[in-house]
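I am opening this notebook to record what I look up, one entry at a time. I begin with a pair of helices.

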Amino acid sequence: MIKDSFILKINTNNLLQNYSFFKQNDKSLIVAPTIKANGYGLGDKKLFKLFKKNKVKHFFVATLKEGINLDNKDKSIKIYVLNGIQNYDVKIFIKNNLIPIINSVSELKIINKYKSKFGLHIDTGINRLGIDYKNVPNNVYKNKNIQIVLSHLASADDNKNNYNEIQKLRFERIREKFQNKNIIFSLSNSNGVALSKNYLFDMIRPGIGLYGGNHKSKYLKKNLKNVIDVKGKIIQIKELNKSEFIGYNQTYLTKRKTKIAIIGVGYADGIPRLLSNYGKVYYKENIFNIIGRISMDSFTIDITKSKHNLKEGMFIDIINKKYDIEKFATQCKTISNEFLTSIGPRVKRIYE
């Protein structure tokens, strides 16, 4: 049997516990998982089936293609497409049980030709997608086909940023104008939960928080479970003499006799080149330095001082419970979202 060199383990129990944590903020609160970008790299179809099995009814994706890929046959399940209808035929959304989020007045004119349900994105100040809160057409407030009205906080990860309050007040003013009392209102993603209950409205749209990331908030860090473990396989072990170069462009020179292990994953799998001569990986209590340049398919670690008899075919940890996704992202000088969504298709995903 062929064994993969890079394994991504997804702890489904912890994932569901994270969902329950978001749900417990308010029993009536709708928690709608964001499973765009292949479920943040974890596998959108698998996550969709898992959440559906646990009676989740609302989901968000970014693109029409992502929505179609979920193959939703259940009309009680609401899948919202954040990027709107663009230049696609609205009938495609209807056929695939997808609800487009309308982002412009021009899209409004198109969707109003149909009797299908849709969502409305109000831009309260992030200045990305959405209709500017100052320019919402008055006839929208009576539209009976609107199922959901949402906006997006620009600085939810900074609970001291007053811009959150400004956006919330703008959203509240918009909400008061709608006459249909069955509309769902949603402002917050994962981080909005850590601001206050005033930001929850009817629905939250957690993404990276569900998957164990985004720990800028002490409140989230305390309550969210680690969901992923990432492992790389040792594909060769060598012993080098002092003053030998390792990897491309001679960026690392051994200072003594050095035992190295080559790990069979690289930047094609999502390991950033930034970790060249900088990053760390783990085996039990041992911490190993990455030495030399990270290549497309491999990187090298110094195992000279290992307390264990490491052998080819064994796996080392790149991310685990102790050294979680947030610590790894900090090493990479990025955010956990970026790393997860960059994990390549060669990576074996295992659901436990």
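Predicted model: local features only at pLDDT ≥ 70, side-chain atom pairs only at ≥ 80, totals over all residues.

Entry one, helix packing. I looked up how helix α1 sits against helix α3, which spans residues 44-53; their axes come within 12 Å and cross at roughly 60°. I therefore put α1 down as oblique to α3, since angles of 65 to 115 degrees would count as roughly perpendicular and those under 35 degrees as roughly parallel. I noted the crossing of α1 and α3 as right-handed.

Next I asked which residues of α1 and α3 meet. From α1 I listed T12, L15, L16 and Y19, and from α3 I listed L47, L50 and F51. Sorting the residues of this contact of α1 with α3, I got 6 nonpolar, 1 polar and no charged.

Entry two, the cores. How many residues does the largest nonpolar core have? I found 88, and the residues with the most contacts inside this core are L120, F178, I271, F299, I301 and I318. Helix α1, residues 12-23, gives the most to this core, with 5 residues. As background, I wrote down that nonpolar side chains tend to be buried together in soluble globular proteins.

I then followed L120. Not counting residues up to four places away in sequence, L120 touches I101, I102, L108, I131, V140, I146, I148, V149, L150 and F178. Another core lies apart from the largest one; this other core has 10 residues, and I noted F60, Y80, L82 and I184 among them.

Is K168 buried or exposed? I placed K168 in helix α7, residues 163-177. Its relative accessibility is 6%, so K168 counts as buried, the cut-off for buried being under 20%. Leaving aside neighbours within four places in sequence, I found K168 in contact with L187, N198, Y199 and F201.

N38 is not a glycine, yet has a positive phi of about 55°. I located N38 in helix α2, residues 36-40. With 33% relative accessibility, N38 counts as partly exposed.

K284 is the other entry here, with a positive phi near 50° in a residue other than glycine. I found K284 in the loop between β15 (280-283) and β16 (286-291). K284 counts as exposed because its relative accessibility is 59%, and the cut-off for exposed is over 50%.

Definitions and conventions. Residues numbered from 1 in each chain as written. Heavy atoms only, no water. Helix = DSSP H or I, 4+ residues; strand = E, 2+ residues; numbered from the N terminus. Buried < 20%, exposed > 50% of the residue type's maximum accessible area, 1.4 Å probe, protein only. Core = buried A, V, L, I, M, F, W, Y, C linked by side-chain atoms within 4.5 Å. Contact = heavy atoms within 4.5 Å. Axes fitted to C-alpha atoms, helices over the stretch in contact; angles between N-to-C directions. Parallel < 35°, antiparallel > 145°, perpendicular 65-115°, else oblique. Left-handed = near helix turned anticlockwise from the far one by under 90°. Nonpolar A, V, L, I, M, F, W, Y, C, P; charged D, E, K, R; others polar.
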